[in-house]
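Let's take a walk through this protein together. Have the sequence and the 3D view handy as we go.

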Amino acid sequence: MAKEIIIGRSGVSPIAVPPEKDQVNGSHVKITIGDDGSWTIQDLNSMHGTYIKDEDGDFQRVSKKAISENTIIRLGREGHNSFTFMAHRAIDPDGSYAYEFHELKKILAELMDEEEQLGATTSRNMTLVKCAPILGMLLSMAIPLFIPAIQKNPTANMNLTRFCMAGLPFLVGILIKTNTNAPKLLKQKRMKLLVCPRCNYPISDFDIQNKHCSRCKAH
């Protein structure tokens, strides 16, 4: 039989929502856990809405949506008067935050892999930038050997040389430029995803690895 859990500021909520979180209704949201283990969230016509965090760390407003046990949910608009929690807390409201920290460690590992891949890509791009002029020169020398018409035409040969010497580095530069925002975007993603499950402030890698928050002492 499916299990329905109502969460809000009323006394029937299994999760204690602090009274100062006045963007949260008495019965704000319903989480349904099906017999097949599926999770669904449904907003109960709340005044300030229900939001779930996507894979990039941004909150999206929902009315009814399939979620997972690890989905981060925010009741109310962004700000100190809203309330944020992981869906898992609906079935383990009074336990420690060990489950949430375990999930944070997995997210941290994924982000570190992304950073490693980005570093490798950046290194390759820098090598391309350094080598582009040399490659352009070699290309300008090689093409006429295979196309006799260019070799016999001084003007065409000169234009080819100019294109290879200047055009190739320019094209490489355009390709590299598309990745210049990647480190900044990854850093922003880090700040959004790696937050304490209790106080919702950004948390350090050290705290995640040690499963505690230096700020609010959650563990």
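A salt bridge here is a side-chain nitrogen of Lys or Arg within 4 Å of a carboxyl oxygen of Asp or Glu. Keep in mind that we're looking at a predicted model. By that rule, the count comes to seven salt bridges. The idea behind them is simple: side chains of opposite charge can pair when their charged atoms come close.

Let's start with K192 and D58, whose side chains meet in a salt bridge at 2.6 Å, N to O. K192 sits in helix α4 (residues 182-193), while D58 is in the loop between β4 (50-53) and β5 (59-62), so this pair ties together parts that are 134 residues apart in sequence.

Now turn to R89 and E100, another salt bridge, with the closest N and O atoms 2.9 Å apart. R89 belongs to the loop between β8 and α1 and E100 to helix α1, so here the linked parts are 11 residues apart in sequence. Are these two buried or exposed? Both R89 and E100 are buried.

While you're at that loop between β8 and α1, have a look at H88, which is found there as well. With 8% relative accessibility, H88 counts as buried. Leaving aside neighbours within four places in sequence, H88 is in contact with W39, E69 and Y99.

Next, move along helix α1 to E103. This residue forms a salt bridge with K106, the closest N and O atoms being 3.3 Å apart. K106 and E103 are three residues apart in the helix, which means about one helical turn separates them. K106 counts as partly exposed at 40% relative accessibility, whereas E103 counts as buried at 10%. Beyond residues up to four places away in sequence, E103 touches N70 and M86. E103 and N70 are 33 residues apart in sequence, and their C-alpha atoms are 7.6 Å apart in space. Elsewhere, salt bridges that share partners join E115, R190 and D205 into one network.

Helix α1 covers residues 98-146, and M137 has its place there too. M137 is partly exposed, at 38% relative accessibility. Together with I134, L135, L138 and M141, M137 forms a nonpolar patch on the surface, with about 480 Å² of accessible area between them.

What about the inside? The largest nonpolar core has 19 residues, and those with the most contacts within it are I7, I31, I41, I73, L75 and F85. The elements giving two or more residues to this core are β1 (3-7), β2 (29-33), β3 (39-43), β7 (72-75) and β8 (83-86). Of these, β2 gives the most, with three residues. I31 touches, among others, I5, I7, I41, I73 and F85, not counting residues up to four places away in sequence. Apart from this core lies another one, of 15 residues, including Y97, L118, L194 and I203.

Last stop: the cysteines. How many disulfides does a search of the whole structure find? The search finds zero. The sulfur of C196 is 3.5 Å from the closest cysteine sulfur, in C216, which is too far for a bond. For C213, the closest cysteine sulfur is in C196, 3.6 Å away, again too far. C196 is buried, with a relative accessible area of 0%, and C213 is buried at 3%.

Technical notes. Residues are numbered from 1 along each chain as its sequence is written. This is a predicted model: local features need pLDDT of at least 70, side-chain atom pairs count only at pLDDT 80 or more; totals for chains, interfaces and linings use all residues. Side-chain values use heavy atoms; hydrogens and water are left out. Patches are made of residues with over 30% relative accessible area and no salt bridge: like charges are joined within 9 Å, nonpolar side chains (Val, Leu, Ile, Met, Phe, Trp, Tyr) within 5 Å. Accessible areas come from the Shrake-Rupley method with a 1.4 Å probe; for residues, only the protein chains shown count as cover. Helices (H or I, at least four residues) and strands (E, at least two) are DSSP runs, numbered from the N terminus. Buried means under 20% relative accessible area, exposed over 50%, partly exposed in between (1.4 Å probe, protein chains only). A disulfide is a pair of cysteine sulfur atoms within 2.5 Å. A nonpolar core is a set of buried Ala, Val, Leu, Ile, Met, Phe, Trp, Tyr and Cys residues joined through side-chain atoms within 4.5 Å. Contact means heavy atoms within 4.5 Å.
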